[in-house]
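Let us walk through this structure one region at a time. Keep the sequence and the 3D view side by side.

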Amino acid sequence: MLPDVKSLTREELDAQFKAWGEPGFRVPQLLDWLYARRAKSWDGMSNLSKVLREKLRTGFSLQTLELARKQGAQDTTQKFLWKLADGQFIESVLIPANPALYGEASDRHTLCISTQVGCAYGCKFCASGLDGWKRNLEVNEIVEQILAVERWHAGELSRLPAETAAAPAAADSRIVNNLVVMGMGEPLANYDNLIKALKIINAPWGAGIGARKITISTSGLAPQIRRLANEPFQFRLAISLHGATDEVRNRIMPVNKKYPLSELIAACDDYQKLKGRMITLEYILIAGINDTLAQTRPLAALARQLYAKVNLIPYNPVEGLPWHRPSEEVCEGFLAALEKLNVIATLRREKGTDIDAACGQLRLKTERELSGSPQL
Ligand code: SAH
Ligand code: SF4
């Protein structure tokens, strides 16, 4: 297998071009084809010489993601199921900005990307881990999720009636301005590929998404949180807490046995101090598990200790799993109790439940349909 060209940083391409005896200005030309025009083949790269294109073709692959399935209507949450070169499936979810949540204009979009096929962490409520872990995503497979969504978006724009849209310039077809690494998989368990991919995504010559617009979510890998704290990037960090005591967390997140709350919180403390940035604590509300008002006190204590805000997310039911979302009153009551304890908190009034938007659900469904086995 050849390495994929979108797994290389600009510096690595500079070195390769130098070794080939190609002039330095060819690198930005290639980057323009890859990340601004989102080229799908070497042939179209008309300003690169035939000889250079041949060197590229024999030295690197140029993989693109194949859209296997898409759910969701225009202007709502859209879910993309991609088929990888080896036939595995991953998901990305495009979410129109919720002005109430992020305080942004409604033409803004957040893209949620995956970092692994499946997940090894086996949280009891999550579809991604149900069939275990298959493999890590390569750098280019992480980066391509953005490009493939933007390619799809550019295609949609060009289908608009001529009077409403001229052919879009490359920059106009950029749609993703917020990135959350909250799709399938545990990002910090694919650490090196994640960081390299985010470097490319963050670079002005790459996907051009600012570090402060990139959020990494983790189920609580304390050593990797510390490692991340020492990287020279201002990425945002979200912790999938879902329980404010070891007792609750142990019931639903096996990772807590390895890194109990005291260790996780100490790592978050370090991250917060080194970065000076506010951490988000994600808290799925699951009926009868973590939604009693008694939980708001320990949760508020953790949030205050970490200067963190709390993002409450009503549970998105997964077929075959016994968990439920609490009633609206319970969710609102939990939010009000937290606010009373002086915690900055939001409650996601969810988008996308109807299209299996929680991570891993569309893949699971498709895998089961394809293998002919009954749905869970
Ligand atoms: N592995 C990482 C990132 C991917 S999961 C992590 O766990 O943080 C992204 C988020 O979706 C996590 O907060 C996870 O707990 C949440 N999630 C998983 N299944 C869900 C469901 N059925 N309903 C709502 N949120 C869910
Ligand atoms: Fe993996 Fe995150 Fe799902 Fe847990 S919540 S199984 S860590 S993807």
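Helices and strands here are DSSP runs, numbered from the N terminus: helices are H or I runs of at least four residues, and strands are E runs of at least two. The model is predicted, so local features need pLDDT of at least 70 and side-chain atom pairs count only at pLDDT 80 or more, while totals for chains, interfaces and linings use all residues. Residues are numbered from 1 along each chain as its sequence is written, chains are lettered from A and ligands numbered from 1 in the order in which they are written, and side-chain values use heavy atoms, with hydrogens and water left out.

Start at Ile175. This residue lies in the loop between α5 (139-158) and β7 (176-181). Is Ile175 buried or exposed? Buried means under 20% relative accessible area, exposed over 50%, and partly exposed in between (1.4 Å probe, protein chains only). Ile175 has 9% relative accessibility, so it counts as buried. Contact means heavy atoms within 4.5 Å. Beyond its neighbours within four places in sequence, Ile175 is in contact with Leu94, His109, Val149, Glu150 and His153. Arg108 is 67 residues away in sequence, yet the C-alpha atoms of Ile175 and Arg108 are 7.2 Å apart.

Now find Trp205, in the loop between α6 (191-202) and β8 (214-218). Trp205 is buried, because its relative accessible area is 19%. Leaving out residues up to four places away in sequence, Trp205 touches Leu8, Thr9, Arg10, Leu31, Tyr35 and Ile200. Pro28 is 177 residues away along the chain, and its C-alpha atom is 7.6 Å from that of Trp205.

Next comes the core. A nonpolar core is a set of buried Ala, Val, Leu, Ile, Met, Phe, Trp, Tyr and Cys residues joined through side-chain atoms within 4.5 Å. The largest one has 108 residues, and Leu30, Phe125, Leu179, Ile201 and Val310 touch the most other members. Its largest share, eight residues, comes from α5. Domain 1 (5-59) and domain 2 (66-371) both contribute residues, so this core lies between them. The domain bounds come from an automatic or database domain assignment. Leu30 is in contact with Val5, Leu13, Phe17, Trp42, Met45, Leu48 and Leu56, leaving aside neighbours within four places in sequence.

Finish at ligand 1. It is surrounded by 18 residues (a heavy atom within 4 Å). The closest are Gly185, Ser217, Ser240, His242 and Asn316. A polar side-chain atom of Ser217 lies 2.6 Å from a ligand 1 oxygen atom.

Methods:
A polar contact is a pair of N or O atoms within 3.5 Å; within protein, one must be able to donate a hydrogen and the other to accept it, and residues adjacent in sequence count only if both atoms are side-chain atoms.
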